[in-house]
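Dear colleague,

Please find below the structure that I am handing over to you. I would ask you to look at it first and then to read the notes that follow.

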Amino acid sequence: MASDILVDVKDLCFRRGERVIFDGVDVQIRKGQVTAIMGPSGTGKTTLLRLIGGQLRPDRGTITVLGHDVHRLGRDALFRLRRRMGMLFQSGALFTHLSVFDNVAFPLREHTDLPEPLIHDLVLMKLQAVGLRGARDLMPSELSGGMARRVALARAVALDPTIMMYDEPFAGQDPISMGVLVSLIRRLNDALGLSSVVVSHDVVETAQIADRIYVLSEGRVVESGSPGDLGRSDSAWVRQFMQALPDGPVPFHYPGPSLEEDLLGARR
Amino acid sequence: MAKQRIIEIWVGLFVAAGFAALFGLAMQVSNIPVFQTTEGYDVYLRFENVGGLRPRAPVTMSGVRVGRVKSIELDENTYQALVTITIESRFDRIPEDTSASIFTSGLLGEQYIALDPGGTDWFLEAGDEIALTQGALVLERLIGRFLTSMGQDDN
Amino acid sequence: MTGLLALLGRKTLDSFSRLGRGTLFLLRAMAGLPSLLPRPGLVIQQLYSIGVLSLLIIVVSGIFVGMVLALQGYNTLVNFGAEQSLGVLVALSLLRELGPVVTALLFAGRAGSALTAEIGLMKTTEQLSGMEMMAVDPIKRVVAPRLLAGFLAMPLLAVIFSFLGIMGAYVVSVATLGVDDGAFWSQMQSAVDFREDVMNGVIKSLVFGFVASWIAVFEGYDAEPTSEGVSRATTRTVVHTSLAVLGLDFVLTAVMFG
């Protein structure tokens with residue numbers, strides 16, 4: 001069973017300045033599954049991915065990826081480990097000075113000594129998988145947001161990673177490209193034998209593809225389980241989040257003095 | 001990849017232009033030492049006063065440069081300036097009784113040593129000393145002498 | 001009063017920590033230089049955008065600075081009947097001071113600001129972060145080639161600047177001011193020393209190239225990842241480079257020609 005767990009986050013604590021982002025978070029990502037990390041904006045979901053990738057250091061707790069404690073690795077070992085992780089950034093993070101083709105070829109050229117014809121074929125295969133083989137000569141500035149994200153996805157899987165991490169893959173997409181991305185993530189996961197971590201606050205789309213969902217709030221995991229389990233959760237908070245109710249345990253109003261007090265106070 | 005090629009050509013041109021400019025500066029603008037680390041022989045001169053003469057100043061004969069000043073020191077026995085000059089070896093027929101003077105090129109230009117050829121059939125060789133020298137004219141002394149002679153005329 | 005003192009203290013600590021970060025950053029970038037050896041293409045690409053694209057402004061300014069120097073110098077020298085020395089005046093001013101310094105200032109404005117903006121934008125758009133996650137060190141891949149290219153481009157640009165300046169001065173003096181052609185060059189040649197003047201100028205511009213590219217890449221890498229942060233960093237690059245160049249020029253001049 002233990003070998004089944006690719007990423008094991010234990011008792012994670014992380015602070016940014018005075019703000020506590022995580023306060024004892026445990027998350028496990030299992031082989032072959034799509035695991036979703038959900039929560040309202042500002043709960044540090046992206047931060048969690050950066051911690052897993054070793055770009056940030058936790059204040060307490062350990063993160064084990066593929067059997068390595070990420071934050072005790074040396075620089076070279078960390079870089080070797082990262083070759084087995086793919087990450088899709090929210091912005092896509094395509095290199096603006098390179099064409100679509102060169103963007104996807106970038107990790108291949110950096111990390112392998114493959115001859116150029118082979119790289120050419122590999123890149124076209126990856127682009128074919130995301131349906132953008134015909135766009136290979138475009139520059140990133142000529143792509144729509146959804147296309148850019150698909151190119152970034154092709155680039156992230158170029159080295160055939162073991163773990164794929166998606167940072168808000170659905171944010172700011174129109175319904176069509178959202179649908180494309182939803183099915184792509186699931187298809188790639190199953191076809192390439194990946195394990196995926198999806199960080200998102202788009203409840204409906206994420207619930208469609210996730211095998212397991214962790215819901216974060218105020219630095220803790222408040223609920224976890226399959227999408228069906230969460231729908232039946234008896235926590236008012238989880239219900240508010242999953243059903244997108246405007247008011248509930250998470251108040252509509254930012255905390256402050258009451259309206260009456262404020263208005264009357266101003267007159268004084 | 002055609003774009004890459006154009007970039008490479010441009011960079012090649014840029015680097016070539018840089019080196020061409022450096023070469024131009026070396027050949028046309030400066031006296032590059034490689035071509036004039038004066039192969040020649042050293043001759044000594046003593047002056048009462050060298051004025052503003054500096055090492056590397058030109059040594060000329062009839063206005064043609066024949067060498068350079070190598071060093072300027074003080075002879076502590078005679079309290080004279082001991083100037084070593086290097087004369088290019090192709091000028092090997094300079095008479096031994098040649099005289100030397102320190103002049104200024106133009107009104108404010110740098111100072112140089114002018115050689116005035118003598119008449120003997122003996123030529124200067126390495127280590128020889130030119131005995132007939134005329135030091136630099138110091139403006140203040142000249143004016144002083146001029147004023148004194150004016151005063152004498154008045155009497 | 002205490003507020004002012006606190007501000008002074010904070011600014012001082014701030015500059016020290018920036019200096020420290022900058023030095024560490026420089027060391028890491030230098031450690032990345034050997035990894036460029038098998039990939040000269042990266043440096044060539046940067047030599048293009050830093051060097052070749054700066055050529056136009058360098059060429060134009062060089063010629064004009066030389067011509068203006070000749071006109072101004074002539075007006076003064078002709079009073080002493082020393083207009084023959086015009087070539088000397090122009091050549092020494094250009095080779096020792098104006099060539100390296102003006103080139104470095106133009107470089108800060110043209111190439112330095114572009115470097116900062118480019119790296120800053122790469123940071124803002126998560127390109128650097130993405131590179132790290134692809135197990136590619138952005139300091140090796142992005143910063144090191146730019147640093148090296150700036151270091152190499154500056155002396156080439158400065159030499160081109162000085163050479164064209166002297167040519168511009170030559171045209172003005174001989175064609176329009178009536179200085180004697182032969183005297184112009186011969187006086188120059190007897191007064192300008194290759195090692196003392198030409199090479200010292202080149203050494204100056206090597207130092208300036210190093211400092212200017214360091215400041216530019218560091219400001220970009222250290223920029224706050226917002227559009228406002230990048231624009232502030234770009235301004236800082238130009239200001240800091242100009243100040244550093246002028247200050248260093250004084251020190252170098254004192255050491256070399258003092």
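Predicted model: local features only at pLDDT ≥ 70, side-chain atom pairs only at ≥ 80, totals over all residues.

Confidence in chain B

The mean pLDDT of chain B is 82, and 89% of its residues reach 70 or more. Among the elements of this chain, strand S4 (residues 80–88) of chain B has the highest mean pLDDT, at 89. The lowest, 79, belongs to helix H2 (residues 139–154) of chain B.

The fold of chain B

Chain B contains two helices and eight strands. Along the sequence they follow the pattern α-β-β-β-β-β-β-β-β-α. In chain B, eight strands form an open sheet with mixed pairing, in the order S7-S1-S4-S3-S2-S6-S5-S8. Strand S7 (129–130) and strand S8 (132–134) of chain B stand at the edges; each has a single partner strand, so one side of each is left without a neighbour in the sheet.

In general, the strands of a sheet pair through backbone hydrogen bonds, either parallel or antiparallel. Strand S3 (residues 64–75) of chain B and S4(B) run antiparallel and are joined by eight bridges. Within S4(B), Thr84(B) stands opposite Ser71(B).

Of the 155 residues in chain B, 35% are buried. Among the contacts in chain B with a separation of 6 or more, 63% are between residues 24 or more positions apart.

How the chains meet

Two pairs of chains are in contact, and chains B and C share the most contacts. Chain A and chain B, by contrast, are joined by no contact; their closest C-alpha atoms lie 11 Å apart.

Which residues of chain C lose the most area to chain A? To begin with the interface itself, 16 residues of chain C are in contact with 23 residues of chain A. About 1800 Å² is buried between these two chains, and carbon and sulfur atoms give 55% of that area. On the side of chain C, Glu126(C), Met133(C) and Met134(C) lose the most area to chain A, together 38% of what that side buries.

Five salt bridges are counted between chain C and chain A. The side chains of Glu110(A) and Arg141(C) meet in a salt bridge, with an N to O distance of 2.4 Å.

Yours sincerely

Definitions and conventions. Residues numbered from 1 in each chain as written. Chains lettered and ligands numbered in written order. Heavy atoms only, no water. pLDDT = per-residue confidence, 0-100. Helix = DSSP H or I, 4+ residues; strand = E, 2+ residues; numbered from the N terminus. Pairing = 2+ DSSP bridges. Buried < 20%, exposed > 50% of the residue type's maximum accessible area, 1.4 Å probe, protein only. Contact = heavy atoms within 4.5 Å. Buried area = accessible area lost by both parts, 1.4 Å probe. Salt bridge = Lys/Arg side-chain N within 4 Å of Asp/Glu carboxyl O.
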